Amino acid sequence: MIEDSRKVTTNPASRQERPHDDRGASPDGGDVCSGGLLPRLSHMVGRRVPFRTASLALDQPILSITFDDFPQSAFELGARILDDHGVRGTFYAASGLFGLTDSRWTVAGADKVADLHERGHEIGLHSHAHKPANRMWPAAFVADLAANRAALRRIVPGLTRENYAYPYGLCGLMQKKHLAGTVRSCRSVQTGVNAGRVDLDFVKAVEISARALTEANLERWLDAAEAARGWLVLFTHDVCDSPSIYGTTPRVVERVVARALERRFAILPVDAALDRAGIA
Ligand SMILES: [Zn+2]
């Protein structure tokens, strides 16, 4: 049921699809490819096989702003910009990365997760070890997801049926099937606007970064979401004046929020977006 984003009209920057681009900080600090033949096949098949779908019928386009990993700067600047506009975002936390520093950024610690939750932002799952799902045996994947969930629930006791984002955007057939039975949605890094029938375990998203969504092409993405009456999910990592290639500047985040509000988008965390869309 998943169309290749290169073929849909809701993707004004389709050539920029890069399903392996969520290269956040990892415990070993290295970038990750999709692996050998079996993991690659598992991802390729997994992303095309929906285990549950929902039909989006919105009377107002929705924008969700999400942060992966998430670096300290996303907490300090990204969340603050959203707060200043009275809107909230989703922060996908890989609990095994808390407080770790690599050449790109320092990941925020557990105290920041609690703080964001208290301020009304959503805390999502992003694995514990931040390994690609398709490169873990299913049992190891299940255990890692459980560790992530347990760690976040210790920090935020009220969490239930969290939303999830695939590290590096990589899924895996069996891993995706497991997720379909235990989380509310799974966000991919497949570029596009979510409209019509949506695979809830491979929600499309557009990266806010110099190589994807920028101040210059923001309006085209908003146009696409509006025309499709769809749900545009954005993701980024660090938010600072000199961001990594996986991040963006406060100016761009500010612009995204301001323009979406001016254009009467509902800016909602992922869980609230699903509520708004009537998806259980
Ligand atoms: Zn990540």
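1. Basis of the note. The model is predicted, so local features need pLDDT of at least 70 and side-chain atom pairs count only at pLDDT 80 or more, while totals for chains, interfaces and linings use all residues. Residues are numbered from 1 along each chain as its sequence is written, and side-chain values use heavy atoms, with hydrogens and water left out.

2. The largest pocket. Its volume is about 250 Å³. A pocket is an open set of points on a 1 Å grid over the protein atoms alone, where a 1.4 Å probe fits and protein lies on both sides within 12 Å along at least five of seven lines. The volume is the space filled by probe spheres set on the points, which are joined across faces, edges and corners.

3. The pocket lining. There are 13 lining residues, and L38, S42, N134, W137 and Q175 lie nearest the pocket centre; a lining residue has an atom within 4 Å of a point. Helix 1 (37-46) and helix 5 (173-180) are the elements that give two or more residues to this lining. Helix 1 gives the most, with five residues. Helices are DSSP runs (H or I, at least four residues), strands are likewise runs (E, at least two), and both are numbered from the N terminus. By class, the lining has nine nonpolar, three polar and one charged residues. Here Ala, Val, Leu, Ile, Met, Phe, Trp, Tyr, Cys and Pro count as nonpolar, Asp, Glu, Lys and Arg as charged, and the others, Gly among them, as polar.

4. Helix 4 and helix 5. The axes of helix 4 (residues 138-155) and helix 5 come within 9 Å and cross at roughly 40°. Axes are lines fitted to C-alpha atoms, for helices over the stretch in contact, and angles run from 0 to 180 degrees between N-to-C directions. The two helices are therefore oblique to each other; angles under 35 degrees count as roughly parallel, over 145 as roughly antiparallel, 65 to 115 as roughly perpendicular and the rest as oblique. Contact (heavy atoms within 4.5 Å) is made by P138, F141, V142 and L145 of helix 4 and M174, Q175, H178 and L179 of helix 5. These residues comprise six nonpolar, two polar and no charged.

5. Helix 2 and helix 7. The axes of helix 2 (residues 72-84) and helix 7 (residues 250-262) come within 10 Å and cross at roughly 25°. Helix 2 is therefore roughly parallel to helix 7. In this contact, L77, I81 and L82 of helix 2 meet P250, V253, E254 and V257 of helix 7. The classes are six nonpolar, no polar and one charged.

6. Helix 6 and helix 7. Helix 6 (residues 218-228) also meets helix 7, with axes that come within 11 Å and cross at roughly 40°. This makes helix 6 oblique to helix 7. L218, E219 and L222 in helix 6 meet R255, V256, R259 and A260 in helix 7. This contact has four nonpolar, no polar and three charged residues.

7. Backbone features. Most residues other than glycine have a negative phi, and most peptide bonds are trans. The peptide bond from D69 to F70 is cis, with omega near -20°, and F70 is found in the loop between strand 2 (62-69) and helix 2. H130, which is not a glycine, has a positive phi of about 55°. H130 is placed in the loop between strand 4 (122-125) and helix 4.
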